[in-house]
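Dear colleague,

Please find the structure below for your review.

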Amino acid sequence: MTEPLVRVSNLVKHFSINKGTIIARQVGAIKAVDGISFSIDEGDTLSLIGESGCGKSTTAKLLLLLERPTSGEMIFSGRDISHFSYKRIDWYRSQTQAVFQDPYSSLNPRMRVNEIISEPLKAHKRLPRGEMKSRITEVLNIVGLPSRAMDMFPHEFSGGQRQRLAIARALAPNPKFMILDEPVSALDVSIRAQIINLLKDIQARFKLTYLLIAHDLALVEHVSTVSAVMYVGKIVEMALSEDLFSKPLHPYTKALIAASPRPDPRKRGTGNILYGEVPSPINPPEGCRFHPRCVNAIKICREREPILHEENNGHYVACHLDFK
């Protein structure tokens, strides 16, 4: 059996809450990510979905090594990157790139396109000037932009074109793994499909592995191999995307799908509407973290935290309810 390209085990990230000016003492912690595990096979896409504040973006920051984990393992290509020294981070970052949500703020407005795309090449590849220009022209062509774009500034492009530039920058060092943080949510509806199809074509062409963070469940269902649903720092359900959207098990997943616009009436969700607010990650509820909002909650839900377990073949859920 082939080893997955990315494997995360019991990943935890708690942010300390300190009190005091001169002598600071910890009075609590924000449990942003609280013991999650998943893996991504090479060439596949895993999507993290859930409401704002559930820990999706923190997970992405951990995998980009912008934050260090409190505990747990992050394995990439057989190497534990959790405690990489700063010298070894360079190797990992040459293999891992990101495309962010807002193409208007993720590109430096004072830099020309050739400078923007050459940044990761200068940091990781150190190519001669002629080869660097050739690589910039190549990635611009891959994302559907002409070579003359390299002499222009970001403000001269539309939102969709800017996101193509962001994708070109991410592709430049020839990575294996890309983290897509809401890559189309800031774009007009009319061009979202173009960017989604571009990302799928690039993945197929270069055998890229994606971690997708998204609120748009239609996008997740369309592009993902596996989907994982997060709630207050925990993964509550994970399965092949086709199985998760056709036969969701967790009440939270059912509610998310029911609340999502679905053009096909045969695919509309049957879950209950979500009421109430997401609990604070500083002091999450005892037992199941979803029980205060769950209409199916029983006594054990308030007393004992459910463990993520395999309910069906490859379909994992963290819930005390009987699904048989």
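Helices (H or I, at least four residues) and strands (E, at least two) are DSSP runs, numbered from the N terminus. The model is predicted, so local features need pLDDT of at least 70 and side-chain atom pairs count only at pLDDT 80 or more, while totals for chains, interfaces and linings use all residues. Residues are numbered from 1 along each chain as its sequence is written, and side-chain values use heavy atoms, with hydrogens and water left out.

A salt bridge here is a side-chain nitrogen of Lys or Arg within 4 Å of a carboxyl oxygen of Asp or Glu. Seven salt bridges are found in the whole structure, and three of them are described here, with each residue classed as buried (under 20% relative accessible area), exposed (over 50%) or partly exposed (in between), using a 1.4 Å probe and protein chains only.

Lys13 and Glu67 pair through their side chains at 3.9 Å, N to O. Because Lys13 lies in strand S1 and Glu67 in the loop between helix H1 and strand S4, this pair ties together parts 54 residues apart in sequence. Lys13 is buried at 11% relative accessibility, whereas Glu67 is partly exposed at 24%.

The side chains of Arg293 and Glu51 form a salt bridge at 3.0 Å, N to O. Arg293 lies in the loop between helices H9 and H10 and Glu51 in the loop between strand S3 and H1, so parts 242 residues apart in sequence are tied together.

Yours sincerely
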